[in-house]
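Hi everyone, thanks for coming.

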Amino acid sequence: MISTALYQKFKEEIPLFDEKIHAFEAGEMDRNTFKGISGGFGSYAQRSGGYMLRLRLPGGRISKETLRFFADEIQAHQVNLMKITTCQTIQMHNLSADSTVAIMKDALDFGIVTKGGGGDNPRNVMASPLSGVEPGETFDVLPCAQAAGEYLLSRIPDLHMPRKLKVGFSNTPANQTHATFRDLGFIAREDHTFSVYCAGGLGPNPKLGVWITDGVCPEEISYYISAMIRLFTAYGNYESRAKSRTRYLQDTLGADGIRSHFLSFVEEAKREEEAWPVSAPPTITKKGDGSISGKRILNQKQEGLYAVSYHPIGGCLAPEKPAQLYHIIKDMPDTELRLSPDGTIYIINLSSSEVPAVLKATEDGAETLFETSVSCIGASICQHGLRDSQGLLNACVNRVRQEGFGDGLLPRVHISGCPSSCGSHQVAALGFVGHSKKVDGAMQSAFKVFVNGCETNPGARLGEEKGVLLETVIPDFFVALGRLIQKTHTSFEEWFQEHPEDLDQLIQEYAQKSEQQK
């Protein structure tokens, strides 16, 4: 557990943020200076005005009480946009300076920390979203992710790292948390231990992670997190911000050097620190009351219990949804929400009789696999964004809906507004990243296309860049792709295995269309 003293320390720092955000509002501080301060508090100034606040939710877990907290804050501060992030947090957008400070204070009083949500700090610790309820999982990794999150928060006051640190836990080979190519990742093994990987990451110069060791007990995870911090602060690049992520350690130390130093730091941590406690997984005693099946209904490993998936388009959650969901599930025993890195919300531990009400409340979400596509918040809001990734996704969804393609025909795509890969485009079957293309001497909004990425373990791979398309032609590109696949009566996955050259040809065709547009 995080100590009362640490919570108090975080609370005592909020007046500094209050002072700085109002200085920025008054024009007394430039944007870059404010960003250097605000990021450490989990907040940024948006490109077009207003502020974002990122709230830590270890493992993406949202209890009923947390859901009500969100509902109350949304109402109190008239929040009109929330974004589920690829790190399983929720960002509140378009906030005033006063609301940003007030929500930060209220969140801390409730037990949600925003400290370290940006800047050179450890980010929200991730866990497979259905951990504890997923059929076939190796074991429940959520308690480990929660313990890791607490440990990292306890370290924030004394840390000075070159850049941010992302930690993830995976309970199945699906590897939704990208544990094999995070700054530090833990993959659950059948013997109830972990395989550990480090120094991976997406973005510029992406790299898959370096395998460190197998057989790490859950009770030892804080030693391995400490070792990663020690490795990063000892050998990370403090001079060049562009090269100050852990993946660049592969260039300077090599895989063998990383492994040797890392294991040495593990032993050092064991000598100097007490292991951070990991709670036992909760026991779900709820019983089912029948059976049910259908779209968006998932069987849990607990017999007679179900999860419902809900994917708001682009991971953007309507402001009224938390209150609506709270009132539906508040009297349902053991029911809670989990956030997925792809922007899906899972409502778990439902009996068959409870499922219909949840389905009805979430019928405004994605209807097909393609509509569950992933997008960062995009350039209309993000200071660093090059392109409006959300706008592109919505244009593609609306265009594809006109065709009436069957579910599964087109894949889930990932769209990043800039090379930072906040939409994880580099590990998608089809990924897009914001770019520019010169047409008739003028720069136009465009996206690079990446093909054949994969996040599963084993078999994770980075997508290959195949071309550049103008933003305006991409919706029609998906229609053409869908029609091509439809002729073969297969899905994208099956079709691509047999016809990769046809996809290359289609991309080149639409790249040429981009050249012809004026």
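**Aromatic rings in the model**

Let's start with Phe 169, which is buried, at a relative accessible area of 0%; buried means under 20%, exposed over 50% and partly exposed in between, with a 1.4 Å probe and protein chains only. Before I go on: this is a predicted model, where local features need pLDDT of at least 70, side-chain atom pairs count only at pLDDT 80 or more, and totals for chains, interfaces and linings use all residues. Residues are numbered from 1 along each chain as its sequence is written, and side-chain values use heavy atoms, with hydrogens and water left out.

How many aromatic pairs does the structure hold? There are 19 aromatic pairs, where rings of Phe, Tyr and Trp (its six-membered ring) pair if their centres lie within 6.5 Å, and planes under 30 degrees apart count as stacked, over 60 as edge-to-face and the rest as tilted. Phe 169 and Phe 186 are stacked, because their ring centres are 4.6 Å apart and their planes are at 5 degrees. Phe 186 is also buried, at 0% relative accessibility.

Now a tilted pair: Tyr 224 and Phe 262, with 6.1 Å centre to centre and 35 degrees between the planes. Tyr 224 is buried at 7%, and Phe 262 is buried at 0%.

Next, a cluster: Phe 17, Phe 24, Phe 34, Phe 41 and Tyr 51 form one aromatic cluster. Lys 115 lies over the face of Phe 41, 4.5 Å from the ring centre; the rule is NZ of Lys or CZ of Arg within 6 Å of the ring centre and within 35 degrees of the ring normal. Likewise, the charged end of Lys 207 sits over the ring of Tyr 248, at 5.6 Å from its centre.
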